[in-house]
Amino acid sequence: MHEFLHDPIDVIVSFCQNRVIPKRIRWNERNYEIANVNLVHTAREGKKRILYFSVSDKTNFFKLKLDPEYLEWHLVELYSNG
Amino acid sequence: MHIDMNSYFASVEQQANPFLRGKPIGITGKHKEHSIIATASIEARRKGVKTAMSTYEAKRVCPSIILYPCDPKKYSYITHQFNKIFRAYADCAEQFSIDESFLEITKAATDYFGAVCLAQTIRQRIKEECGEYITCSIGIAQNKLMAKLCSEQVKPNGLTVVQPKNVLSFLDSCQLKDVCGIGHRTEERLNAIGIYTFEQLRKFPLENLTREFKSYGYWLNEASYGRDNSPVVDTIEDPKSIGHSCTLTENTEDEKEMKRCLLELSDRVAWRLRKKGFVARCVRVCIRYFDFTEFVQQRKFIEPTNNGLTLFQTAWQIGNKWRDKAKPVRLLGITASNLTKGKGYQSLFKKERKIRSLQNSLDNLQNRYGSKVWSRASLLYPPNTPSATCS
């Protein structure tokens, strides 16, 4: 299953060597432990730099969007294995 | 040195999403159906899927293929990252395309052994900074022509070195169309005059070659010896044209739908023209029908423009006049060419000056908040109306 979303989510992160590492997300009243951060990339929206985190747990791939100006997190893509 | 990323868009997606790894995937347009394969993963290639194949055809040859929509911003970012790595090691790096670069390493490497060490270091840095699934094939040779030919030899993750003494024997083991600059048609023309190998090309009199191919004959003769004097340049040249195309979600004969699509494309082209400070003297419209036949027509402007509506009006005028109205349309494309630096002409008329002023304000908004900040009312899709896949 592959979905494109724009759902606000809560994220617990760690800050390590000038990097932000998502550890756990809360979406749809469920917690998901992040097992791997596979790719981090940035993109511009006008003058704003947006960060995207491609992360996964054991069965799901999540693409998270962080707006550093407002510290808002969104789940923008979900891919479930199987 | 030439570095070519392997199955680039697919590798990036497999790096981002581990559930795609080891599976045949095809990167498509924004909408997966009714699109083409921009890149196939190594697994999909092994099953016969090729670049530019329609998704319908790809599914036919590989029913298990996973179609995955492209994410251009992600690919641009990774391209920027690995080119940064290249610039850290090379004397000079030239980005040849989104997934290929030439590196001048004569001073940095000093000899062929040094070049191999440098190649392995770069490969390791890409693995560490971009991800282990993003791999590249590397070619090392005395010039760009040969380095590119080398990098094509072993995929994925290859490293091929051809020293000057081995150039001719290496070329003789390759096919004519393997060399960048010899396409399918040129190969056919060469075959027609009895040339099938580089050895035959070398032996063919230069006089006859130039008679057949004009000045391109000189280049062919040089290529047959593996010679190429073009330098690695780090400067980005001004574009010769700016264009966008759009595959509709369904083949259509609906003029409204086509107009909407063409207007959207025209606005995107015009925005890029203004952003880069260009005006266009010519617009070209391309229409691809359901049967993959194409119609291309262009028109020159009296006054150069960077206005989306002007581009659209001209493109629609020529497109709608000359297209075959009996055939449903699959794809629309618009290209602005004959570009010159400038802001367009200053109109004497108040209404046009007002429109220009409004355009400047919208450009400022777009610069600040991104391209989705405004839209023409006519482009707001009513609910349940299919949009399109644009590139």
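At what angle do α4(B) and helix α6 (residues 112-129) of chain B pack, and how far apart are their axes?

## Basis of the description

This is a predicted model, in which local features need pLDDT of at least 70 and side-chain atom pairs count only at pLDDT 80 or more, while totals for chains, interfaces and linings use all residues. Residues are numbered from 1 along each chain as its sequence is written, and chains are lettered from A and ligands numbered from 1 in the order in which they are written.

## A helix pair in chain B

α4(B) and α6(B) pack at an angle of about 150°, and their axes lie 10 Å apart; axes here are lines fitted to C-alpha atoms, for helices over the stretch in contact, with angles running from 0 to 180 degrees between N-to-C directions. Helices (H or I, at least four residues) and strands (E, at least two) are DSSP runs, numbered from the N terminus. The crossing of α4(B) past α6(B) is right-handed, a crossing being left-handed if the near helix is turned anticlockwise from the far one by less than a right angle, and right-handed if clockwise.

From α4(B), B:Gln81, B:Phe82, B:Ile85, B:Phe86 and B:Tyr89 meet B:Leu118, B:Thr121, B:Ile122, B:Arg125, B:Ile126 and B:Glu129 of α6(B), where two residues are in contact if their C-beta atoms, placed from the backbone, lie within 7 Å. By class, the residues of this contact are seven nonpolar, two polar and two charged; Ala, Val, Leu, Ile, Met, Phe, Trp, Tyr, Cys and Pro count as nonpolar, Asp, Glu, Lys and Arg as charged, and the others, Gly among them, as polar.

## Domains of chain B

Chain B is divided into domain 1 (1-158), domain 2 (168-224) and domain 3 (241-390), with bounds that come from an automatic or database domain assignment. The centres of domain 1 and domain 2 of chain B, taken over C-alpha atoms, are separated by 28 Å. Four residues from domain 1 of chain B and five residues from domain 2 of chain B make up their contact, and the side of domain 1 that touches domain 2 has two nonpolar, no polar and two charged residues.

## The sheet of chain A

Chain A has eight strands and zero helices. Five strands form an open sheet with antiparallel pairing in the order β1-β8-β7-β6-β5, two strands being paired if DSSP finds at least two bridges between them. At the edges stand β1 (2-8) and β5 (36-45) of chain A, each with a single partner strand, so one side of each has no neighbour in the sheet. From one strand to the next the twist averages 20°.

Strand β6 (residues 48-56) and strand β7 (residues 60-67) of chain A pair in the antiparallel sense over six bridges, forming a hairpin with three residues between them, and A:Ser54 stands opposite A:Lys63 in β7(A). β7(A) also pairs in the antiparallel sense with strand β8 (residues 72-80) of chain A, over eight bridges. Within β8(A), A:Ser80 is the bridge partner of A:Asn60, and A:Leu75 stands opposite A:Leu64. The hairpin of β7(A) and β8(A) has four residues between the strands, and A:Leu71 in the turn has a positive phi of about 55°.

## Contact between the chains

Between the chains, 15 residues of chain B are in contact with 14 residues of chain A. On the side of chain B that touches chain A, the elements giving two or more residues are α1 (8-16), α4 (72-89) and α15 (350-369) of chain B. The residues of that side comprise six nonpolar, six polar and three charged.
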